[in-house]
Amino acid sequence: MLDSIYDVAIIGAGPAGCSAAYTAAKEGLSTIVLEEHARVGEPVHCGECLSHVAVKRMGLSLPEEVIASRVKGIRVIFPDKTSTIWSEEGYVLDKHLFEQFLAVRAQGAGAALKTSTRVNGMKRENGIWTISANGPGGSSSSFRARSLIDCTGYEAVSTKLTGLNDKKFEMVSGAQYLMEDVPNDGFIDFLIWPRLAPHGYLWVIPKRGGSANVGLVTNDYKNAHKYLKQFVEEWGLSGKKILRPFGGMIPSSGPMRRIFGDGLLLAGDAAGFTSPMFEGGTQLALKSGEFAAQTLARAQKGVPKPEAEDVDTIIEGGKTSYRAGFAPTSSGDPFSAHALSEYEHLCREEFPPYERLVRGKAKFYSFTDAELNSIGRMLPKELVGMTVLDKVAIAVKSIVRFGTRVMSVRDALDTFSYSVGEKYGW
């Protein structure tokens with residue numbers, strides 16, 4: 001395997017990795033994907049939702065077999081069961097089948113896929129990465145590549161192995177049951193009930209045949225499963241069959257401080273790209289994987305992106321300004337940090353303004369149940385297509401109810417508004 005030097009090695013065959021692999025191969029880069037599990041997409045770790053906006057934005061044509069249900073939108077339910085709706089069509093996926101579809105798509109474009117390959121080391125010398133991995137039965141293997149995209153989810157393997165970042169993002173814990181015979185009306189339910197999901201939320205997500213994903217995220221890791229069991233009881237689902245429990249950790253504090261380095265890009269959850277309010281990450285993973293591959297392709301060809309602006313990033317404790325998108329550098333390395341800095345610019349321009357929205361989320365979760373109920377009652381029953389008068393009415397009610405804390409309400413609702421598909425919410 002050391003005889004071959006790939007243009008790019010991608011670690012992880014989730015949405016970010018498969019999107020990056022498809023784009024890289026289409027751009028003419030020799031590409032290999034290294035996936036630790038024996039089967040792509042297994043085990044499933046998330047709620048499996050994807051907006052129609054996301055599907056259209058990524059140019060995907062979903063096979064029927066990956067769609068577990070079509071939904072009409074998202075209903076947000078406050079502690080007193082006041083609710084509001086985003087009427088926004090989308091899909092609940094069989095996520096393992098969706099990721100397998102993406103992997104086949106990438107292979108069809110020319111990418112190679114190596115499963116049962118867990119990366120445990122990486123080192124870059126003279127512009128070439130040497131990547132070591134464990135395989136079945138204690139076997140070992142090595143791969144070489146000119147560039148590397150880390151799509152390893154919350155584990156963010158490259159950060160651990162290279163020290164690119166001195167610390168990782170904050171995370172919340174997700175716990176979920178796939179349950180039988182759960183009534184639904186075609187909407188996804190998100191419940192903001194701090195009592196059962198501190199600094200998080202609960203959900204009921206309809207799937208095919210009357211089944212549903214019933215789960216939560218919270219920063220109270222040790223009590224997540226206790227809260228979930230209590231929610232199942234309070235939601236009237238006691239006695240319903242649990243087909244499968246699953247869950248995982250989800251980044252919740254925004255992107256890593258560094259998402260690029262010499263020959264290295266971070267995409268998807270590995271970069272910290274999740275929705276600021278409800279932690280959805282699939283659309284962001286797909287798009288950041290695409291951006292990463294496009295950046296590598298332009299860097300390899302030495303093609304500047306004319307509209308790119310200066311990108312400021314933190315390097316070795318000091319602030320360095322990179323001119324984005326111009327490669328190769330004087331060192332002759334087409335994948336230097338200088339050349340790859342365009343990636344940060346692309347993500348910053350396209351994705352939510354995380355620093356502001358993470359602060360708004362903290363304010364949202366600082367409200368008491370009574371205050372959350374008041375916010376819920378201020379909102380119209382339908383959030384899509386709000387008029388200027390609707391927004392003025394919310395502002396007036398906020399001033400009357402919250403007085404000097406009105407700016408906290410404004411910031412919280414700003415974050416809340418980024419939960420729609422158009423803003424990469426799902």
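A: Happy to! A cavity here is a set of grid points where a 1.4 Å probe fits but cannot get out, and a lining residue is one with an atom within 4 Å of such a point. Please keep in mind that this is a predicted model. With that in hand, the structure holds 2 cavities of 30 Å³ or more.

Let's begin with the second largest cavity, which has about 40 Å³ of space. Its lining consists of Cys18, Val33, Ala103, Ala106, Gln107, Ala111, Ala112 and Leu113. Sorted by class, the lining has 7 nonpolar residues, 1 polar residue and no charged residues.

Now for the largest cavity, where the space comes to about 50 Å³. Around this cavity sit Ser19, Tyr22, Thr23, Met58, Leu60, Arg105, Leu286 and Glu290. The elements that give two or more residues to this lining are α1 (15–26) and α6 (282–301). The largest share comes from α1, which contributes 3 residues. By class, the lining of the largest cavity has 4 nonpolar, 2 polar and 2 charged residues.

Definitions and conventions:
Residues numbered from 1 in each chain as written. Predicted model: local features only at pLDDT ≥ 70, side-chain atom pairs only at ≥ 80, totals over all residues. Heavy atoms only, no water. 1 Å grid on protein atoms, 1.4 Å probe; cavity = no way out; pocket = protein on both sides within 12 Å on 5 of 7 lines; lining within 4 Å. Points joined across faces, edges and corners; volume = space filled by probe spheres on them. Helix = DSSP H or I, 4+ residues; strand = E, 2+ residues; numbered from the N terminus. Nonpolar A, V, L, I, M, F, W, Y, C, P; charged D, E, K, R; others polar.
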